[in-house]
Amino acid sequence: KSPAMRLLPSIGIEVHAELLTETKMFCGCPNRFGGEANTRVCPVCLGLPGSLPVPNRRAVQLVLRAALALNCTIAPRSLFHRKNYFYPDLPKGYQVSQYEETNPIGHHGHLDIPDPSTGGETDVRVRIRRVHLEEDTGKLLHLPGGGAGVDFNRAGVPLMEIVTDHPPDVHDAETAREYVQQLRLLLVYLSVCDGKMEQGSFRCEPNISVAPEGSDTLGTKTELKNLSSFKALATGIEHEVRRMARALEIGEILHQETRGWNEETQSSYPMRRKEGEADYRYFTDPDLPPMVFDEETIERERAALPELPLAKRARYMRQLGLDAYDAGVLIQDPAWAAFFDEAVSLGANPKQACNWMNGDFARLLNDSGQTLSTTKVTPSHIRDLIALLESGTVNGRQAKDILEAAFQDGRLPGQIAEQEGLRQITDEGAVRALVLEVLGANPDAVARYKEGKTTVKGFLVGQVMQKTKGRANPELVNRVLEEALAE
């Protein structure tokens with residue numbers, strides 16, 4: 001290629017999310033993670049002759065909910081298809097899925113995400129081609145001492161696939177990571193998926209290609225698998241872009257293939273040549289009836305949607321005056337955002353509530369291993385603590401001590417301040433007497449201050465605060481001290 005030629009990466013993203021249902025997609029086997037291999041199977045999910053599938057209504061409802069949240073058009077009539085291929089973890093020899101050209105449950109949607117290139121101050125739109133429902137495969141196991149086995153406990157678990165549009169809107173690793181993070185968060189808010197990447201219930205596979213900038217066609221793509229974290233997603237994409245660019249520079253032919261990601265070596269490796277759609281020989285599943293969605297059902301589900309994370313983030317910034325970073329941290333967990341919302345509804349200053357939650361309260365939870373469901377601190381505690389600060393009853397140091405005490409035993413901040421003597425000294429006469437006492441005990445410091453060495457003021461303030469064991473109002477101490485030094 002010419003040295004002046006620039007290559008533009010294009011990144012399509014497929015996300016698979018296991019649905020939060022009690023049972024599998026087409027049978028009554030429990031939908032649970034872990035456990036002894038092959039203990040949650042039956043003739044239906046093993047694909048034994050004579051068994052017939054029955055669709056899980058709850059799974060269909062969850063996919064409909066996700067498709068609506070992703071601004072999709074809902075297909076009035078949606079079909080199941082058989083996707084035929086042979087692999088050890090696929091007991092039937094085919095996967096029940098949905099073929100793109102015959103109306104998946106949701107199609108032509110989008111998700112507006114914070115643009116990483118602007119620090120989240122603006123949004124970028126990622127178009128979504130389809131949201132469809134299928135069943136998960138089993139899981140291959142590498143056995144101790146060599147050999148392999150298959151665990152079919154996961155076979156038949158309801159699985160939602162979300163695929164970005166073509167040509168892709170994503171052209172860099174950070175935007176890809178932001179999209180997948182926001183999509184995962186949205187599904188957690190909807191109670192559609194638990195989002196646990198470490199358990200494989202939320203999985204993403206980027207399809208990566210590079211082509212000369214301005215080209216009318218995309219380059220040969222590879223699908224990257226075994227990505228167990230958002231960091232691995234970004235690192236894997238960056239690696240593939242570099243690998244493809246180097247290959248094109250030396251005239252190497254790229255092949256459409258599936259590649260795995262090795263976290264230890266931070267590199268990809270070939271797994272298999274990727275099949276085309278014709279290889280799967282899709283056809284309508286004769287055992288499953290169409291799914292039909294009328295307008296009443298669609299609108300009922302749309303009305304039941306909760307406030308979604310990015311809408312919540314926008315509200316925090318627009319109505320509560322939080323910046324993009326603070327708002328982004330608050331929405332990362334639905335329970336955390338709900339705690340904040342309740343504190344604000346009780347009258348807490350939004351910025352102060354955010355600071356205390358994301359700072360000292362989060363630290364206490366992390367250090368203790370507690371969660372919002374086990375802590376004794378409630379939104380009322382945060383509201384009361386901020387009220388004590390705003391009224392001048394306590395200072396910042398005392399407020400920290402009060403929060404730690406409340407965290408230990410659940411007492412209200414006002415009660416702790418009274419019982420522990422943590423009220424701020426605001427009596428100007430008492431503070432002035434202490435200031436004069438400190439000045440009299442430190443004549444050398446006073447002399448240096450009057451000679452222009454004003455940095456000694458900090459030392460004098462510290463002496464006053466030490467005498468009051470940190471209970472004096474710092475602003476009052478500073479003002480009275482300046483007045484006394486000027487006399």
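**Entry 1: the tyrosines**

I started with the rings and found that Y85, Y99, Y280 and Y282 form one aromatic cluster. Before going on, I noted that this is a predicted model, where local features need pLDDT of at least 70, side-chain atom pairs count only at pLDDT 80 or more, and totals for chains, interfaces and linings use all residues. I also noted that residues are numbered from 1 along each chain as its sequence is written, and that side-chain values use heavy atoms, with hydrogens and water left out.

My rule for pairs: rings of Phe, Tyr and Trp (its six-membered ring) pair if their centres lie within 6.5 Å, and planes under 30 degrees apart count as stacked, over 60 as edge-to-face and the rest as tilted. By that rule the structure holds 7 aromatic pairs. One of them is Y85 with Y280, edge-to-face, at 5.8 Å centre to centre and 70° between the planes. This pair links distant parts of the chain, 195 residues apart: Y85 is in the loop between β4 (81–84) and β5 (94–97), and Y280 is in the loop between β14 and β15 (283–284). For these labels, helices (H or I, at least four residues) and strands (E, at least two) are DSSP runs, numbered from the N terminus.

Is Y280 buried or exposed? I use buried for under 20% relative accessible area, exposed for over 50% and partly exposed in between (1.4 Å probe, protein chains only). Y280 counts as buried because its relative accessibility is 11%. Y85, at 21%, counts as partly exposed.

Y280 also pairs with Y282, again edge-to-face, with 6.0 Å centre to centre and 70° between the planes. Y282 is partly exposed, with a relative accessible area of 23%.

**Entry 2: charges over rings**

I then looked for charges over rings (NZ of Lys or CZ of Arg within 6 Å of the ring centre and within 35 degrees of the ring normal). The charged end of K83 sits over the ring of Y280, 4.5 Å from its centre. R272 has its charged end over the ring of Y87, 5.6 Å from the centre of that ring.

**Entry 3: the sheet**

Next I traced an open sheet of 9 strands with mixed pairing, in the order β2-β6-β7-β10-β1-β11-β12-β13-β14. Which strands stand at the edges? They are β2 (73–74) and β14 (267–273); each has a single partner strand, so one side of each is left without a neighbour in the sheet. Two strands pair here if DSSP finds at least two bridges between them.

Helix α1 (residues 57–69) packs on the sheet and touches β2, β6 (106–114), β7 (123–135) and β10 (158–164), its direction making about 165° with that of β7. Helix α5 (residues 309–319) lies across β6 and β7, at about 35° to β6. For such angles, axes are lines fitted to C-alpha atoms, for helices over the stretch in contact, and angles run from 0 to 180 degrees between N-to-C directions.

At the β14 end I counted 6 bridges joining β13 to β14, which run antiparallel. N262 stands opposite S267 in β14. T258 is buried, with a relative accessible area of 2%. Leaving aside neighbours within four places in sequence, T258 is in contact (heavy atoms within 4.5 Å) with E223, K225, Y269, P270, M271, R272 and K274.

**Entry 4: helix α13**

In helix α13 (residues 443–450), I found A445, V446 and Y449 buried. They cover an arc of only 100° around the axis, which puts them on the same side of α13; the arc is that of the directions from the helix axis to the C-beta atoms. The buried residues of α13 pack against α12 (428–441), α14 (456–467) and α15 (474–486). Just after α13, G452 takes a positive phi of about 105°.

Where does P167 sit? Its place is in the loop between β10 and α2 (173–189). A cis peptide bond joins H166 and P167, with omega about 0°.

N71, in the loop between α1 and β2, has a positive phi near 60° although N71 is a residue other than glycine. N71 counts as partly exposed, at 40% relative accessibility. R281 is not a glycine either, yet has a positive phi of about 50°. R281 lies in the loop between β14 and β15 and is partly exposed, with a relative accessible area of 47%.
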